[in-house]
Amino acid sequence: MLFFSLAPAAHADMPASWTKPTKPYRVVGNIYYVGTEGVSSWLITSSAGHVILDGGPNAEVGKQIERNIASLGFKLADVKILINTHAHYDHAGGLAQLKADIPGSKLWISRGDEPAIEQGHHIGDNENGPTPMPPVKVDRAFGDETKLKLGETTMVAHLTPGHTIGCTSWTTAVIEKGRPLNVTFPCSLSVAGNVLVGNKTHRNIVADYRESFAKLRAIPTDVMLPAHEEQGNLLAKRQKQLRGDPNAFVDPTELARFVDASEAAFNKELARQQAAGPSR
């Protein structure tokens with residue numbers, strides 16, 4: 001399984017920003033951005049080891065993430081757990097490389113997304129097809145409200161399905177210059193080609209989306225750190241931070257706005273698919 005998992009998955013139409021290197025940086029507390037310009041990957045540190053959240057679209061980006069972590073002064077060998085927001089190639093395609101290069105790490109994936117990660121393709125009827133990625137063995141499959149604890153750091157998994165069957169939003173609490181902040185890493189909420197009418201492999205997809213919209217709205221959030229740069233204007237926030245703004249990433253209203261916009265786009269696409277009929 002591991003040998004096969006290192007075989008590359010080609011996605012010629014991938015946006016250039018998804019693989020474009022960018023300098024890593026500390027966001028708030030013990031959270032660091034270690035992804036590419038367009039696709040997020042996060043390092044969450046602790047005195048007992050570190051966590052990597054999302055692995056980028058392919059092995060090449062997995063290697064970039066590793067270099068970013070090293071450039072920040074952290075040791076790869078201290079990474080204990082790999083986690084993921086969802087089983088799409090742009091966020092899970094580099095997990096196999098990371099797991100191979102950090103043999104002491106364990107991969108935690110939600111039960112809903114475990115089959116996709118281990119089979120190496122998206123599951124659920126989608127206009128874009130299965131969008132392959134290198135498969136990788138899951139070490140622990142978990143359910144809703146699972147807590148991941150390393151030293152003084154605790155992360156909580158909130159299942160927010162729709163975008164994928166096992167889409168997972170993560171929360172944690174940090175201290176930034178004496179100030180406590182609630183941080184949420186929301187799983188994507190976009191339709192992204194998902195079949196909403198007559199989806200044979202994700203039959204409750206519409207209900208899942210609606211429940212996830214409500215669930216995310218109820219999570220107290222000071223800092224929203226999304227899976228894609230444009231979902232949270234991360235580049236602009238980083239520039240504010242570099243100019244000395246200590247609150248560049250702090251916005252207690254941002255998650256609600258993100259959910260509202262996502263729900264409006266979902267309702268529009270659902271109406272379009274309903275009008276097109278069940279023959280989709």
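This is a predicted model: local features need pLDDT of at least 70, side-chain atom pairs count only at pLDDT 80 or more; totals for chains, interfaces and linings use all residues.
Two strands pair if DSSP finds at least two bridges between them.

**Strand 4 and its partners**

Strand 4 covers residues 50-53. On one side of the pairing, strand 3 (residues 42-44) runs antiparallel to strand 4, and three bridges join them. Within this pair, Leu43 has Ile52 as its bridge partner. Strand 3 and strand 4 form a hairpin with five residues between the strands. In that hairpin, Gly49 takes a positive phi near 130°.

Strand 4 also pairs with strand 5 (residues 79-83); here the two run parallel and four bridges join them.

| Partner strand | Direction | Bridges joining it to strand 4 |
|---|---|---|
| Strand 3 (residues 42-44) | antiparallel | three |
| Strand 5 (residues 79-83) | parallel | four |

In a regular strand the side chains alternate between the two faces of the sheet. In strand 4, His50 and Ile52 point one way, while Val51 and Leu53 point the other way. Are these four residues of strand 4, His50, Val51, Ile52 and Leu53, buried or exposed? All are buried.

**The disulfide**

The structure holds one disulfide. Cys167 and Cys187 are the residues joined, with an S to S distance of 1.8 Å. The link of Cys167 and Cys187 is left-handed, with -70° about the S-S bond. Cys167 lies in the loop between strand 9 (153-159) and strand 10 (168-176), and Cys187 lies in the loop between strand 11 (179-185) and helix 6 (205-217), so the pair ties together parts that are 20 residues apart in sequence.

Why does Cys167 count as buried? Buried means under 20% relative accessible area, and Cys167 counts as buried because its relative accessibility is 0%. Cys187 also counts as buried, because its relative accessibility is 0%.

**The cavity**

How many cavities of 30 Å³ or more does the structure hold? It holds one. The space in the largest cavity is about 40 Å³. Its lining is made up of Ala87, Gly112, Asp113, Ala116, His122, Ile123, Thr164 and Ile165. By class, four of the lining residues are nonpolar, three are polar and one is charged.

Key
Residues are numbered from 1 along each chain as its sequence is written. Side-chain values use heavy atoms; hydrogens and water are left out. On a 1 Å grid over the protein atoms alone, a cavity is a set of points where a 1.4 Å probe fits but cannot get out, and a pocket is an open set with protein on both sides within 12 Å along at least five of seven lines; lining residues have an atom within 4 Å of a point. Grid points are joined across faces, edges and corners, and a volume is the space filled by probe spheres set on the points. Ala, Val, Leu, Ile, Met, Phe, Trp, Tyr, Cys and Pro count as nonpolar, Asp, Glu, Lys and Arg as charged, and the others, Gly among them, as polar. Buried means under 20% relative accessible area, exposed over 50%, partly exposed in between (1.4 Å probe, protein chains only). A disulfide is a pair of cysteine sulfur atoms within 2.5 Å.
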